[in-house]
Amino acid sequence: MERKTKELIRELEERLEALVIAIPKEIAAHKFYLDLANSSQHEGARKMFLELADQEFGHKQSLEKVVKEIQNEIAELKAGMK
Amino acid sequence: MKIGEFNIHFHSISAHFTNALYPVAVLFLILFKIFHHDSFRSTYYYLILLALISTPITFMAGLIEWKQKYKGARVKIFIRKYTGGVILMGAGSIIAVWNYISPEIIKESGLLSFIFILLNFAIILLVAYLGYLGGKLVFGGTH
């Protein structure tokens, strides 16, 4: 039982690592599209870049939500092992 | 690292200095072993000293980036990078002090000399591993 829990914790930690690495990339993408929107002269292009920036921001928020969920799950599993 | 409006990747920049100095130092160690020119030995020693100076700068820059960019997340990749950085500073200090106290260690061919050279090559492997982890952070990867 404990072995299974440890394996699960390791798997969750791997997922957490991937998410933690991904979040700054979403922030960078968000900023990238925002900069493009700000420098666009064409109204249609500006709107498109703002939409893309919003999407990237949404990805970031989703990832942060999952990170918190996984962190809580790991904490619960570790507490259960004590 | 954010300086005003600019986002400067100071850890990546400084890591390139450290990552270059150690392998080149070891290259001069090998050259000394082959050709026995004292200039190669001196170059090796000074390069190790420079690497020793640059390592804590890179380490600190990495810590700042970890705090700022990754919000200090305690996941394995950062723990490995941190541990590797500490080992690198320790191993680098050992070979620098060892070489200072006993400069003949490079010339000799006994067990201690073998350990000294092994430690130098171990540092190269460690620097490569730290570079691999850094690449994983920048370019992604699952393993």
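Trainee: What percentage of the 143 residues in chain B do buried residues make up?
Mentor: This is a predicted model, so the count is computed from predicted positions. A residue is buried if 20 or more other C-beta atoms lie within 10 Å of its own. In chain B, with its 143 residues, the buried share is 24%.

Trainee: In what order do the elements of chain B run from the N terminus on?
Mentor: Chain B has four helices and two strands. Its C-alpha trace spans about 50 × 30 × 25 Å along the principal axes. From the N terminus on, the order is β-β-α-α-α-α.

Trainee: Which residues does Ile48(B) touch, not counting residues up to four places away in sequence?
Mentor: Leaving out residues up to four places away in sequence, its partners are Ala25(B), Gly92(B), Ile95(B), Ala96(B) and Asn99(B).

Trainee: Is helix 3 of chain B roughly parallel or roughly antiparallel to helix 4 of chain B?
Mentor: Their axes come within 10 Å and cross at roughly 155 degrees. Angles over 145 degrees count as roughly antiparallel. Therefore helix 3 of chain B is, relative to helix 4 of chain B, roughly antiparallel.

Trainee: How many nonpolar residues are in the contact of helix 3 of chain B with helix 4 of chain B?
Mentor: Helix 3 of chain B brings residues including Ile77(B), Leu88(B) and Trp98(B), and helix 4 of chain B brings residues including Phe116(B), Ile123(B) and Leu130(B). The contact also has four polar and three charged residues. The nonpolar count is 17.

Trainee: What is the handedness of the crossing of helix 1 of chain A and helix 2 of chain A?
Mentor: Helix 1 (residues 2-39) and helix 2 (residues 43-81) of chain A have axes that come within 8 Å and cross at roughly 160 degrees. That makes the two helices of chain A roughly antiparallel. Their contact divides into 26 nonpolar, five polar and ten charged residues. The crossing is left-handed.

Trainee: How many residues of chain A are in contact with chain B?
Mentor: Chain B puts eight residues into this contact. On that side of chain B, five are nonpolar, one is polar and two are charged. From chain A, the number is six.

How values were computed. Residues numbered from 1 in each chain as written. Chains lettered and ligands numbered in written order. Predicted model: local features only at pLDDT ≥ 70, side-chain atom pairs only at ≥ 80, totals over all residues. Axes fitted to C-alpha atoms, helices over the stretch in contact; angles between N-to-C directions. Parallel < 35°, antiparallel > 145°, perpendicular 65-115°, else oblique. Left-handed = near helix turned anticlockwise from the far one by under 90°. Nonpolar A, V, L, I, M, F, W, Y, C, P; charged D, E, K, R; others polar. Contact = placed C-beta atoms within 7 Å. Buried ≥ 20, exposed ≤ 12 C-beta atoms within 10 Å, placed from the backbone.
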